[in-house]
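Try each task before reading its solution.

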Amino acid sequence: MTEQAAGRWLEERRDDGIVVAQLDRPPANALTAAFLLEIEAAFHRLDADESVRAVVLKGYDRVFSAGMDLKVLAQLDAAGQAEVVDALNRAYGAMYGFSKPYVAAVTGHAIAGGLFFLLAADYRVGCDGASQYGLSEVRVGVAFPVAPLEIVRAELPAPVARKILLGGQPVGVTEALACGILDEVVAPDRVEARAIEQAAAWAASPAEAYAQVKRQLRAPAMERIRRAVEGRADLMLDGWFTPETTRAALAVLAGDR
């Protein structure tokens, strides 16, 4: 794949109706607008497929996703910025609004945009080790589009969100478990199996009831995300970057931040 390729969404369909999917854009599953729209399409497709009972999503062994591709981000003009904002809202909205059980199987780092694959999940299984979890957007000089911000507000306690968003620094596995980013931690070689177990357990509930309760739980956030997507109401569409954004992104790439 080329540097700006869309990436791939890989699927293994199990006999029990659980789909084990994997993000595949080497080396770090960095996100582009095209990759995000591929992910959005996959979640909508699997949601509409009656043979699918649940989804387990994984990344690579050492990194789930490192977030937006900063090399691409630093080169975007105004139209490109708006395209990414729209893609972020669409992809994360599709994940968060997925009506069936969605479990994240996490064996590596989940940073910035990569963390929302966890936060949008119904259940998050991590592993012992040196993985880092965080939202580094403030260090890259960008604010949050509607969908990711709504997911953070809904899924993390306010003091945790405040420290993670404003500090921009990652936390380790122990703190991620304590603050609710992860739901449980197992040995690395048990992550996928445990995620499948959890997906199967929750998929055993009546599907319509599960979907309805999930909609009830997430309705306020999903309504704001829906308005942002359908009405193009996200203020970030009119200008996501500030004059410092490109400098900050390049500094992060250079290891200066």
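This is a predicted model: local features need pLDDT of at least 70, side-chain atom pairs count only at pLDDT 80 or more; totals for chains, interfaces and linings use all residues.

Residues are numbered from 1 along each chain as its sequence is written, and side-chain values use heavy atoms, with hydrogens and water left out.

**Exercise 1.** Compare the radius of gyration of the chain with that of a compact globule.

*Solution.* Start with the rule: 2.2 Å times the number of residues to the power 0.38, with the radius taken over C-alpha atoms.

**Exercise 2.** Find what share of the residues is buried, and what share of the contacts joins residues 24 or more positions apart.

*Solution.* First, 54% of the 257 residues are buried (under 20% relative accessible area, 1.4 Å probe, protein chains only). Next, take contacts (heavy atoms within 4.5 Å) with a separation of 6 or more: 76% of them link residues 24 or more positions apart.

**Exercise 3.** Check the span of helix 9, then find its buried residues and their cover.

*Solution.* Helices are DSSP runs of H or I with at least four residues, and strands are E runs of at least two, numbered from the N terminus. Helix 9 covers residues 191-203 and reaches 18 Å between its end C-alpha atoms, close to the 18 Å expected (1.5 Å times one less than its number of residues). Its buried residues include Val191, Arg194 and Gln198. Among the elements covering the buried residues are strand 2 (18-24) and strand 9 (184-186).

Conventions: Buried means under 20% relative accessible area, exposed over 50%, partly exposed in between (1.4 Å probe, protein chains only).
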